Amino acid sequence: MRIGAFLPAAGFPGQDHTQTLEAAVAAARAAEEAGFDSVWFAEHHFMSYGVCPSAITLAAFVLGRTERIAVGTAVSVLSTAHPVALAEQAALLDQVSAGRFRLGVGRGLPLVDLEVFGTLDRYERGHADALDLLLAAVRGGRVRADGPVFGFREVEMVPGPRTLPRPDVLLAATSDASLGLAAERGLPVLLGMHQRPEEQAAALERYAELRGQAGGGPVSGHVAASVAQVADTREEARKTLLESLPRWLAPGLAGYRRLGGREGPRRDPNAYAAFLCDAHAVGSPEDCVRRLREQGAATGAEELILLVEGAGAAEAVRRNIARLGAEVLPAVRAARPGGAG
């Protein structure tokens, strides 16, 4: 089983943007040293939940600062990025990183981002077209578009990809519609940490059903997100996250500004922190190994990506990464055939 680190560049109070981004880069390098297989960056606009507005840009920087580890986006938002421009960047990173870049994309949410970038129409009726155009463009060669949302004459994609037939592309799936779109296109899905492992398993079962209805065969490469915090005891690990996570979640979740000033559903930060502790790998090394083995077995996902920034302070995050690498990852990998993949 592959195991990655999920780094949303969380904006904890008391850290300025420079400190937060430097900590995210340091955490990525620490993950490579600790033996993680991948690191993944999230993309958010105009909020402290994550202070990275371009996951692919941060991924590019980290690819240049690392040597072995795969680097991905979880996710780049298709509703605010032109799919051809995103495909160009993905192919470029695939070339210069010798195939270490992985592109996760998603539709995004009906937030103020669409107002700022003027892309509401693409969000409402252009997601499938954007995905199809991205998939065509990232393969290289000549591409044109003649649809209602995208229309342009034929162009040559330069550079073409190094990984053939194209670099890895995953689709974030938080609804039946997105599961169906991924199943129809034969794309692996990325499942969020807001789901319990059994909910992630149900989503992948539904994906397989939709894939069968679309007439396609099995698809590999699914990724499931989780939270991982290791300490000497379960109580200590929970205490760390229950104290630190609400400090990030409260202002972060409040930063989601809906279109037209509408208020969306609000999560209670303390309750959400407790949910994350209960649902995922938070505890002693033995606890974390057991929970991650259970998640891998229940979902069948080929890769788990772990939110490791929950402690907030940069040094504490790096200690968590180091302990996970030394005390948890080897035992989790040994539980399934194929090792680290």
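Start with Q229, which stands opposite V282 in β10. Three bridges join β9 to strand β10, residues 281-283, and the two run parallel. Strands here are DSSP runs of E with at least two residues, helices are runs of H or I with at least four residues, and both are numbered from the N terminus. Two strands pair if DSSP finds at least two bridges between them.

Before going on, the basis. This is a predicted model, in which local features need pLDDT of at least 70 and side-chain atom pairs count only at pLDDT 80 or more, while totals for chains, interfaces and linings use all residues. Residues are numbered from 1 along each chain as its sequence is written, and side-chain values use heavy atoms, with hydrogens and water left out.

Back to β9. How many residues of strand β9 are buried? Eight of the eight, residues 223-230, so β9 is largely enclosed by the rest of the structure. Buried means under 20% relative accessible area, exposed means over 50%, and partly exposed is in between, with a 1.4 Å probe and protein chains only. In a regular strand the side chains alternate between the two faces of the sheet. For β9, V223, A225, V227 and Q229 lie on one side, A224, S226, A228 and V230 lie on the other, and both faces are covered.

β7 and strand β8, residues 189-191, run parallel and are joined by two bridges, with L171 opposite V189. Strand β4, residues 101-106, pairs with β7, residues 169-172, in the parallel sense over three bridges. In that pair V105 stands opposite L171.

Next, a helix. In α7, residues 176-185, the buried residues are S178, L179, G180, L181, A182 and A183. What do the buried residues of α7 pack against? They pack against α6 (127-137), β7, β8 and α8 (197-213), where contact means heavy atoms within 4.5 Å. After α7 comes G186, whose phi is positive, near 70°.

H44 is found in the loop between β2 (38-41) and α2 (55-65). H44 is buried, with a relative accessible area of 14%. Not counting residues up to four places away in sequence, H44 touches Y49, G50, C52, P53 and Y256. D113 is 69 residues from H44 along the chain, and their C-alpha atoms are separated by 9.0 Å.

R122 is in helix α5, residues 120-125. Is R122 buried or exposed? At 15% relative accessibility, R122 counts as buried. Leaving aside neighbours within four places in sequence, the contacts of R122 include L78, S79, T80, A81, H82 and P83, and also H127, V149 and F150. For R122 and A334, 212 residues apart along the chain, the C-alpha separation is 44 Å.

L164 lies in the loop between β6 (151-157) and β7. L164 counts as exposed, at 68% relative accessibility.

Finally, the whole chain. Its secondary structure comes to twelve helices and eleven strands. The radius of gyration is 19 Å, close to the 20 Å that the globule rule gives for 341 residues, so the chain is as compact as a globular protein of that length. That radius is taken over C-alpha atoms, and the rule is 2.2 Å times the number of residues to the power 0.38. Along the principal axes, the C-alpha atoms fill a box of roughly 60 × 50 × 40 Å.

Buried residues make up 55% of the 341. Among contacts between residues at least 6 apart in sequence, 74% join residues at least 24 apart.

As for charge, there are 36 positive and 40 negative side chains, and the centres of the two sets lie 1 Å apart. Lys and Arg count as positive, Asp and Glu as negative, and His and the chain ends are not counted. Each charge is placed at NZ of Lys, CZ of Arg, CG of Asp or CD of Glu.
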